[in-house]
Amino acid sequence: MRVLLVEDDDRLASALVTALARHGHTVTRAGQAVDALRLAGGADFVLLDLGLPDMDGLDLLRRLRRVSAVPVIVVTARTEERDVLRGLRSGADDYLVKPFRTAELMARMEAVVRRGTRPRPTRDDVVCVGDVRIDLGARRVTVAGEPVTLTRREFDLLAMLAREPGVVRGREEILDEVWGDPLLSASRSLDVHVANLRAKTGRPGLVETLRGTGYRLGSTA
Ligand code: CA
(Lines give C-alpha, C1' and ligand atoms only; values in the text may rest on other atoms or scores of the structure.)
Protein backbone atom coordinates (compact mmCIF):
# COMPACT_ATOMS: atom_id res chain seq x y z
CA MET A 1 0.00 0.00 0.00
CA ARG A 2 0.98 3.61 -0.36
CA VAL A 3 1.19 4.71 3.27
CA LEU A 4 1.30 8.32 4.36
CA LEU A 5 3.11 8.62 7.67
CA VAL A 6 2.32 11.85 9.48
CA GLU A 7 4.87 12.09 12.26
CA ASP A 8 7.09 14.98 13.37
CA ASP A 9 9.51 12.86 15.43
CA ASP A 10 12.41 12.08 13.07
CA ARG A 11 13.69 9.04 14.92
CA LEU A 12 10.31 7.39 15.27
CA ALA A 13 9.43 8.27 11.67
CA SER A 14 12.57 6.73 10.24
CA ALA A 15 12.09 3.55 12.27
CA LEU A 16 8.50 3.28 11.03
CA VAL A 17 9.46 3.98 7.41
CA THR A 18 11.98 1.13 7.59
CA ALA A 19 9.48 -1.25 9.20
CA LEU A 20 6.69 -0.42 6.75
CA ALA A 21 9.01 -0.77 3.76
CA ARG A 22 10.10 -4.17 5.04
CA HIS A 23 6.45 -5.19 4.93
CA GLY A 24 6.20 -4.12 1.29
CA HIS A 25 4.63 -0.70 1.74
CA THR A 26 5.64 2.46 -0.06
CA VAL A 27 5.93 5.21 2.52
CA THR A 28 5.66 8.97 2.19
CA ARG A 29 6.39 10.94 5.32
CA ALA A 30 4.93 14.28 6.31
CA GLY A 31 6.36 16.05 9.35
CA GLN A 32 3.65 18.71 9.41
CA ALA A 33 -0.10 18.81 9.03
CA VAL A 34 0.07 21.17 6.06
CA ASP A 35 2.13 18.62 4.11
CA ALA A 36 -0.13 15.78 5.22
CA LEU A 37 -3.20 17.46 3.74
CA ARG A 38 -1.36 17.99 0.46
CA LEU A 39 -0.12 14.37 0.29
CA ALA A 40 -3.17 12.47 1.59
CA GLY A 41 -4.80 12.26 -1.84
CA GLY A 42 -2.15 9.85 -3.05
CA ALA A 43 -2.32 7.52 -0.05
CA ASP A 44 -4.09 4.19 0.47
CA PHE A 45 -3.56 4.39 4.23
CA VAL A 46 -2.69 7.15 6.71
CA LEU A 47 -0.83 6.78 10.02
CA LEU A 48 -1.43 9.94 11.97
CA ASP A 49 0.44 11.19 15.02
CA LEU A 50 -1.86 13.45 17.03
CA GLY A 51 0.91 15.70 18.38
CA LEU A 52 2.02 17.78 15.40
CA PRO A 53 3.87 21.10 15.47
CA ASP A 54 1.51 23.14 13.28
CA MET A 55 -1.98 21.75 13.95
CA ASP A 56 -3.78 19.48 16.39
CA GLY A 57 -3.90 16.00 14.86
CA LEU A 58 -7.64 15.73 15.50
CA ASP A 59 -8.28 18.94 13.58
CA LEU A 60 -6.21 17.56 10.74
CA LEU A 61 -8.23 14.34 10.85
CA ARG A 62 -11.54 16.21 10.65
CA ARG A 63 -10.29 18.25 7.69
CA LEU A 64 -9.08 15.12 5.99
CA ARG A 65 -12.43 13.38 6.54
CA ARG A 66 -14.26 16.16 4.68
CA VAL A 67 -12.47 15.17 1.50
CA SER A 68 -11.33 11.58 1.96
CA ALA A 69 -12.45 8.17 3.24
CA VAL A 70 -8.87 6.84 3.33
CA PRO A 71 -8.29 4.43 6.25
CA VAL A 72 -6.62 6.21 9.18
CA ILE A 73 -4.93 4.81 12.26
CA VAL A 74 -4.24 7.43 14.89
CA VAL A 75 -0.94 7.05 16.70
CA THR A 76 -0.85 8.84 19.99
CA ALA A 77 1.07 9.31 23.18
CA ARG A 78 -2.20 10.36 24.77
CA THR A 79 -3.79 7.60 26.74
CA GLU A 80 -6.83 9.40 28.04
CA GLU A 81 -10.11 7.81 27.08
CA ARG A 82 -11.55 11.13 26.03
CA ASP A 83 -8.78 11.80 23.50
CA VAL A 84 -8.89 8.33 22.03
CA LEU A 85 -12.68 8.49 21.71
CA ARG A 86 -12.52 11.92 20.11
CA GLY A 87 -10.06 10.45 17.62
CA LEU A 88 -12.34 7.57 16.75
CA ARG A 89 -15.32 9.91 16.47
CA SER A 90 -13.36 12.31 14.30
CA GLY A 91 -13.05 9.53 11.77
CA ALA A 92 -10.09 7.37 12.74
CA ASP A 93 -10.50 3.66 11.99
CA ASP A 94 -8.34 2.58 14.89
CA TYR A 95 -5.66 3.91 17.22
CA LEU A 96 -2.35 2.85 18.72
CA VAL A 97 -0.79 4.22 21.88
CA LYS A 98 2.99 4.84 21.81
CA PRO A 99 5.16 2.92 22.30
CA PHE A 100 3.88 -0.01 20.23
CA ARG A 101 5.46 -2.98 18.49
CA THR A 102 5.75 -3.06 14.69
CA ALA A 103 3.88 -6.36 14.60
CA GLU A 104 0.96 -4.74 16.42
CA LEU A 105 0.84 -1.88 13.90
CA MET A 106 0.89 -4.27 10.94
CA ALA A 107 -1.89 -6.39 12.46
CA ARG A 108 -4.06 -3.32 13.09
CA MET A 109 -3.49 -2.03 9.55
CA GLU A 110 -4.47 -5.39 8.09
CA ALA A 111 -7.59 -5.53 10.26
CA VAL A 112 -8.71 -2.05 9.16
CA VAL A 113 -8.20 -2.91 5.48
CA ARG A 114 -10.02 -6.23 5.89
CA ARG A 115 -12.94 -4.53 7.60
CA GLY A 116 -13.21 -2.07 4.73
CA THR A 117 -15.71 0.74 4.62
CA ARG A 118 -19.02 -0.95 5.14
CA PRO A 119 -22.29 0.90 4.80
CA ARG A 120 -23.97 1.38 8.15
CA PRO A 121 -27.06 -0.69 8.81
CA THR A 122 -30.30 1.11 9.49
CA ARG A 123 -32.70 0.58 12.35
CA ASP A 124 -34.50 -2.36 10.73
CA ASP A 125 -31.57 -4.21 9.25
CA VAL A 126 -30.22 -7.60 10.12
CA VAL A 127 -26.58 -7.67 11.17
CA CYS A 128 -24.72 -10.97 10.97
CA VAL A 129 -21.48 -11.75 12.76
CA GLY A 130 -20.40 -15.29 11.94
CA ASP A 131 -23.36 -17.46 12.94
CA VAL A 132 -24.89 -14.76 15.13
CA ARG A 133 -27.85 -13.03 13.50
CA ILE A 134 -29.05 -9.78 15.05
CA ASP A 135 -32.42 -8.64 13.72
CA LEU A 136 -32.58 -4.98 14.72
CA GLY A 137 -36.18 -4.49 13.55
CA ALA A 138 -37.71 -7.61 15.14
CA ARG A 139 -35.35 -7.34 18.16
CA ARG A 140 -34.38 -10.99 17.81
CA VAL A 141 -31.03 -12.73 18.09
CA THR A 142 -30.20 -16.22 16.91
CA VAL A 143 -26.97 -18.18 17.20
CA ALA A 144 -26.54 -20.96 14.64
CA GLY A 145 -30.27 -20.65 13.96
CA GLU A 146 -31.26 -21.06 17.62
CA PRO A 147 -33.04 -18.13 19.29
CA VAL A 148 -31.29 -16.50 22.26
CA THR A 149 -33.40 -14.80 24.92
CA LEU A 150 -32.04 -11.42 25.90
CA THR A 151 -33.39 -8.83 28.29
CA ARG A 152 -34.43 -5.49 26.85
CA ARG A 153 -31.21 -3.83 27.98
CA GLU A 154 -29.01 -6.66 26.78
CA PHE A 155 -30.57 -6.34 23.35
CA ASP A 156 -30.33 -2.54 23.35
CA LEU A 157 -26.64 -2.75 24.19
CA LEU A 158 -25.96 -5.31 21.45
CA ALA A 159 -28.06 -3.35 18.95
CA MET A 160 -26.16 -0.14 19.72
CA LEU A 161 -22.88 -1.88 18.84
CA ALA A 162 -24.37 -3.72 15.86
CA ARG A 163 -25.71 -0.55 14.25
CA GLU A 164 -22.14 0.64 13.75
CA PRO A 165 -19.92 -2.41 13.24
CA GLY A 166 -16.28 -1.71 13.96
CA VAL A 167 -17.00 1.56 15.74
CA VAL A 168 -15.90 1.79 19.36
CA ARG A 169 -18.55 3.10 21.74
CA GLY A 170 -17.34 4.52 25.03
CA ARG A 171 -18.70 3.40 28.38
CA GLU A 172 -20.23 6.80 29.09
CA GLU A 173 -21.83 6.87 25.67
CA ILE A 174 -23.34 3.40 26.19
CA LEU A 175 -24.54 4.21 29.71
CA ASP A 176 -26.12 7.36 28.34
CA GLU A 177 -27.89 5.69 25.41
CA VAL A 178 -28.93 2.36 26.96
CA TRP A 179 -29.34 3.30 30.62
CA GLY A 180 -30.18 6.97 30.09
CA ASP A 181 -27.55 7.77 32.70
CA PRO A 182 -23.94 8.57 31.78
CA LEU A 183 -22.89 8.52 35.43
CA LEU A 184 -20.87 5.75 36.94
CA SER A 185 -23.80 4.48 39.00
CA ALA A 186 -24.74 1.95 36.30
CA SER A 187 -21.15 1.14 35.37
CA ARG A 188 -21.08 -2.22 37.14
CA SER A 189 -24.37 -3.09 35.46
CA LEU A 190 -22.76 -2.50 32.05
CA ASP A 191 -20.02 -5.04 32.86
CA VAL A 192 -22.68 -7.57 33.88
CA HIS A 193 -24.66 -7.01 30.67
CA VAL A 194 -21.56 -7.48 28.52
CA ALA A 195 -20.75 -10.71 30.39
CA ASN A 196 -24.36 -11.89 29.93
CA LEU A 197 -24.27 -11.23 26.17
CA ARG A 198 -21.08 -13.26 25.83
CA ALA A 199 -22.41 -16.11 27.96
CA LYS A 200 -25.92 -16.29 26.50
CA THR A 201 -24.70 -16.29 22.90
CA GLY A 202 -21.76 -18.55 23.72
CA ARG A 203 -19.70 -16.22 21.52
CA PRO A 204 -17.29 -14.40 23.85
CA GLY A 205 -15.74 -12.45 20.95
CA LEU A 206 -19.09 -10.95 19.92
CA VAL A 207 -18.58 -7.95 22.18
CA GLU A 208 -14.99 -6.80 22.06
CA THR A 209 -13.51 -4.84 24.97
CA LEU A 210 -11.03 -2.09 24.18
CA ARG A 211 -9.34 -1.60 27.51
CA GLY A 212 -9.91 1.83 28.96
CA THR A 213 -11.87 2.91 25.91
CA GLY A 214 -15.12 1.06 25.37
CA TYR A 215 -16.71 -1.72 23.37
CA ARG A 216 -17.37 -2.64 19.79
CA LEU A 217 -18.99 -5.44 17.87
CA GLY A 218 -16.29 -8.09 17.54
CA SER A 219 -16.11 -11.35 15.65
CA THR A 220 -17.08 -14.90 16.54
CA ALA A 221 -14.14 -16.57 14.84
CA1 CA B 1 4.51 14.22 17.67
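Mentor: A residue is called exposed when its relative accessible area is over 50%, buried when it is under 20%, and partly exposed in between. Keep in mind that this is a predicted model.

Start with Ala-144, which sits in the loop between strand S8 (140–143) and strand S9 (146–148). Ala-144 has a relative accessibility of 53%, and because the cut-off for exposed is over 50%, Ala-144 counts as exposed. The backbone of Ala-144 deserves a look as well: its phi is near 50°, a positive value in a residue other than glycine.

Arg-139 is another case of this kind. Its phi is positive, at about 55°, although Arg-139 is not a glycine. Arg-139 belongs to the loop between S7 and S8. At 41% relative accessibility it falls between the two cut-offs, so Arg-139 counts as partly exposed.

The loop between strand S7 (132–135) and S8 also holds Leu-136.

His-25 lies in the loop between helix H1 (10–22) and strand S2 (26–30). With a relative accessibility of 17%, His-25 is under the 20% cut-off and therefore buried. The side chain of His-25 reaches the backbone nitrogen of Met-1 at 3.2 Å. Leaving aside residues up to four places away in sequence, His-25 touches Met-1, Val-3, Leu-20, Met-106 and Met-109.

Pro-99 is in the loop between S5 and helix H5 (102–115). The peptide bond from Lys-98 to Pro-99 is cis, with omega near -5°.

Eight residues of domain 1 and 10 residues of domain 2 take part in the contact. The size of an interface is often given as the accessible area lost when the parts come together. Here domain 1 and domain 2 bury about 660 Å² between them, and 47% of that is on carbon and sulfur atoms. There are zero salt bridges between domain 1 and domain 2, and one residue pair is in polar contact, with both residues at pLDDT 80 or more.

On the side of domain 1 that touches domain 2, helix H4 (81–89) and strand S5 (94–97) each supply at least two residues. H4 gives the most, with five residues. By class, this side of domain 1 has four nonpolar and four charged residues, and no polar ones.

Technical notes
Residues are numbered from 1 along each chain as its sequence is written. This is a predicted model: local features need pLDDT of at least 70, side-chain atom pairs count only at pLDDT 80 or more; totals for chains, interfaces and linings use all residues. Side-chain values use heavy atoms; hydrogens and water are left out. Contact means heavy atoms within 4.5 Å. Buried area is the accessible area (1.4 Å probe) that two parts lose on being put together, summed over both. A salt bridge is a side-chain nitrogen of Lys or Arg within 4 Å of a carboxyl oxygen of Asp or Glu. A polar contact is a pair of N or O atoms within 3.5 Å; within protein, one must be able to donate a hydrogen and the other to accept it, and residues adjacent in sequence count only if both atoms are side-chain atoms. Helices (H or I, at least four residues) and strands (E, at least two) are DSSP runs, numbered from the N terminus. Ala, Val, Leu, Ile, Met, Phe, Trp, Tyr, Cys and Pro count as nonpolar, Asp, Glu, Lys and Arg as charged, and the others, Gly among them, as polar. Buried means under 20% relative accessible area, exposed over 50%, partly exposed in between (1.4 Å probe, protein chains only).
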